[in-house]
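Please take a moment to look over the sequence and the three-dimensional structure shown here before reading on. The explanation is meant for someone who is meeting this structure for the first time.

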Amino acid sequence: MEEHQDYSLGSRVFQKIREDILNGRYKEHDELRENTLGKELGVSRTPVREALRQLELEGLVTIIPNRGAYVTGISRKDIWDIYVMRSMLEGLCARWAAEHITDEQLDELEEAILLSEFQMKKESGFNASQVAVLDGRFHAILYEASGSRILSHVLTDFHNYVKMARVSSVVSEERARKSIREHRQILRAIRDRDADMAEQLANEHIMHVMQNLKKQGYNEI
């Protein structure tokens, strides 16, 4: 029982630090001090040290002997590479979703789109962060609807890794509106159980995001 509790604690510490790196709280080259993190998270240095080692394996942290742990972060090339891989997997995900999606998941996708459309109509103006959150919600439902635990896990990880890039990919109001329209087309194909069309539209959706990122230099090495 104690071993399970230790594992759960270590996992929570790892997930929290990982999330803080991916959402931009910790910037590239920031030092991650075990004592500081331990006090902040209310844990000893041991689970923090283990979490940092795991993060090093993921490439998010670099541990320099006798100096400390530093944030490596995600490079522009990393983001581009992830989108290239997503362009090959998102279509498969939409195809499987068209074959396995439930009525409840269809309703959830519709809700995500409606909320996105509502955000675009607000008199207070366009909120890129909120639209990005709803974009993430749409894709998360789609991943779950694929019926594949492995594919869902891989795409969710990719999605988390490029959180900051996703905000910039919909930062313009024009791109945000196009993205929402593309989501609606994907949903229509899935609702019609047209797996071929769902796959094609999902692939095109990612390619359009990549075109937008390319203008910002994300494909440059």
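The paragraphs below go from the overall layout to one helix, then to the salt bridges, and lastly to a charged patch and a single tyrosine.

What the reader has at hand is a predicted model, and its C-alpha atoms fill a box of roughly 55 × 45 × 35 Å when the box is taken along the principal axes. The protein contains 10 helices and 3 strands, which, read along the sequence, follow the pattern α-β-α-α-β-β-α-α-α-α-α-α-α. Of the 221 residues in the protein, 43% are buried.

Helix H2, which spans residues 34-41, shows how burial can be arranged along a helix: its buried residues are Glu34, Leu37 and Gly38. Seen down the axis of H2, these buried residues fall within an arc of 100 degrees, and therefore they line one face of the helix. Just after H2 comes glycine 42, which takes a positive phi of about 70 degrees.

The charged side chains can be followed next, for the structure holds 20 salt bridges. In one of them, aspartate 20 is paired with arginine 25, and the closest N and O atoms are 3.1 Å apart.

Another salt bridge joins arginine 137 to glutamate 108, with 3.9 Å between the closest N and O atoms. Because arginine 137 lies in helix H6 (residues 128-145) and glutamate 108 in helix H5, this pair ties together parts that are 29 residues apart in sequence. Arginine 137 counts as partly exposed at 42% relative accessibility, and glutamate 108 is also partly exposed, with a relative accessible area of 22%.

A further salt bridge links glutamate 173 and arginine 177, whose closest N and O atoms are 2.6 Å apart. Both residues lie in helix H9 (residues 173-191), where they are 4 residues apart, about one turn of the helix. Glutamate 173, at 37% relative accessibility, counts as partly exposed, and arginine 177 is partly exposed with a relative accessible area of 34%. Salt bridges can also share partners, and in this way Lys16, Asp20, Arg25 and Glu40 are joined into one network.

Glutamate 111 is found in helix H5, and with a relative accessibility of 48% glutamate 111 counts as partly exposed.

The last stop is tyrosine 161, which lies in helix H7 (residues 149-161). At 16% relative accessibility, tyrosine 161 counts as buried, because the cut-off for that class is under 20%. How far apart are tyrosine 161 and valine 48 in sequence and in space? Tyrosine 161 and valine 48 are separated by 113 residues in sequence, and the distance between them in space is 21 Å, taken from C-alpha to C-alpha.

Conventions. Residues numbered from 1 in each chain as written. Predicted model: local features only at pLDDT ≥ 70, side-chain atom pairs only at ≥ 80, totals over all residues. Heavy atoms only, no water. Buried < 20%, exposed > 50% of the residue type's maximum accessible area, 1.4 Å probe, protein only. Helix = DSSP H or I, 4+ residues; strand = E, 2+ residues; numbered from the N terminus. Arc of directions from axis to C-beta. Salt bridge = Lys/Arg side-chain N within 4 Å of Asp/Glu carboxyl O.
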